[in-house]
Amino acid sequence: MSRQFSSLLAIAAVAVTLTPAPALAQSTAKEVDCTQVKCVALTFDDGPGKYAGTLLDTLKKYDAKATFFLEGQYVKSRPSYVKRMVKEGHEIGNHSYKHPDFTKMTATAIRSEIQKTNDEIKKAAGVEPKLLRPPYGLSGVLTSEVAAEYDMPIILWTGGSRDWESKNEEAIKKQTLTVAKGNSIVLMHDWVKQTVDAMPSIIKTLQKNGYHLVKVTDIIKHENLKPGDTFPLPEGWDK
């Protein structure tokens, strides 16, 4: 499972310029001002995975919110999880239909991946995602242009749990707590059982340390992102 590893090596293909992404309308949860309190956004890629129900139980128990970047193929096969995510106030993002490398595709093919996933999410839960996370975190000028057409900023991450690599509960917890800092966006996966098993301890520790577990839109609210913009930019890039 090295596809996430390869993403960390290649996010520098991104060139961006773009316009405000409207907030998702799917959550009725109370607003959190991340300029006033410590926030962390836990994000889960490639789902909904088969352990998503257990993860949602944990998030509900601890009143924590998350952002799920979903693949259309799994939305189609597990629509009930998507419906529940939206109902319980979580945020839904688009992570393509079958996880191809957008940097090797035409604009037409990228549009198809995004549109098919949007359609499945709309069918499952009645909402359309307003955030895009390209597969592997790989992007470029063409992907930015297509994302802009869909009124979506491109959301990467500030740190990863490396759960796909270790598949070890303690290692996942340690790595997540290491990268979870104020206003961070943490990459995780709900198809990794050890991640889901570690979540109660991770959430309790973060909350004990004063963090609010929020959606990505709570973190980026004051970034003035435009459609097609990438956040966070790879290290060394100027905004």
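This section describes the fold, the nonpolar cores and selected local features of a predicted model.

The protein chain contains 10 helices and 8 strands. Of its 239 residues, 54% are buried. Among contacts between residues at least 6 apart in sequence, 80% join residues at least 24 apart.

In soluble globular proteins, nonpolar side chains tend to be buried together. The largest nonpolar core in the model has 34 residues, and the members that touch the most others are Leu-42, Phe-44, Leu-59, Phe-68, Met-188 and Met-199. Helix α9 (residues 193-208) supplies the largest share of this core, with 6 residues. Another core, of 28 residues, lies apart from it and includes Met-105, Tyr-150, Leu-187 and Leu-225. Beyond the residues within four places in sequence, Met-188 is in contact with Leu-42, Thr-43, Phe-44 and Asp-45, with Ser-161, Asp-163, Ile-172 and Thr-176, and with Thr-195, Met-199 and Ile-202.

Helix α2 (residues 52-61) has Ala-52, Gly-53, Leu-55, Leu-56, Thr-58 and Leu-59 as its buried residues. These buried residues pack against β1, β2, α4 (79-87) and α9. After α2 comes Asp-63, with a positive phi. This residue is found in the loop between α2 and β2, and its phi is about 50° although Asp-63 is not a glycine. Asp-63 counts as exposed because its relative accessibility is 54%, above the limit of 50%.

A positive phi also occurs at Asp-151, where the value is near 65° in a residue other than glycine. Asp-151 lies in the loop between α6 (141-149) and β4 (154-155). With a relative accessible area of 28%, Asp-151 is partly exposed.

The structure holds 1 aromatic pair. The pair consists of Phe-44 and Phe-68, which are stacked, with 5.4 Å centre to centre and 25° between the planes. Phe-44 belongs to strand β1 (residues 38-47) and Phe-68 to strand β2 (residues 67-70), so that the pair links distant parts of the chain, 24 residues apart. Both Phe-44 and Phe-68 are buried. Two lysines lie over the faces of tyrosine rings. Lys-38 is placed over Tyr-211, at 4.3 Å from the ring centre, and Lys-116 over Tyr-97, at 4.2 Å from the ring centre.Ser-184 is found in strand β6 (residues 184-189). Its relative accessible area is 3%, and Ser-184 is therefore buried. The side chain of Ser-184 reaches the backbone oxygen of Lys-181 at 2.7 Å. Apart from neighbours within four places in sequence, Ser-184 is in contact with Cys-39, Val-40, Ala-41, Thr-158, Val-179 and Ile-219.

His-99 is located in the loop between β3 (91-94) and α5 (107-125). This histidine is buried, with a relative accessible area of 3%. The side chains of His-99 and Asp-46 are joined by a polar contact of 3.4 Å. The C-alpha atoms of His-99 and Tyr-136 are separated by 7.9 Å, and these residues are 37 residues apart along the chain.

Glu-169 lies in helix α8 (residues 169-179). Its relative accessible area is 34%, and Glu-169 is partly exposed. Not counting residues up to four places away in sequence, Glu-169 touches Gln-194, Asp-197 and Ala-198. A C-alpha separation of 8.8 Å is found between Glu-169 and Val-196, which are 27 residues apart along the chain.

Pro-232 is placed in the segment after β8 (230-231).

Conventions
Residues numbered from 1 in each chain as written. Predicted model: local features only at pLDDT ≥ 70, side-chain atom pairs only at ≥ 80, totals over all residues. Heavy atoms only, no water. Core = buried A, V, L, I, M, F, W, Y, C linked by side-chain atoms within 4.5 Å. Buried < 20%, exposed > 50% of the residue type's maximum accessible area, 1.4 Å probe, protein only. Helix = DSSP H or I, 4+ residues; strand = E, 2+ residues; numbered from the N terminus. Contact = heavy atoms within 4.5 Å. Polar contact = N/O pair within 3.5 Å; in protein donor to acceptor, adjacent residues only side chain to side chain. Phe/Tyr/Trp six-rings, centres within 6.5 Å; stacked < 30°, edge-to-face > 60°. Lys NZ or Arg CZ within 6 Å of the ring centre and 35° of its normal.
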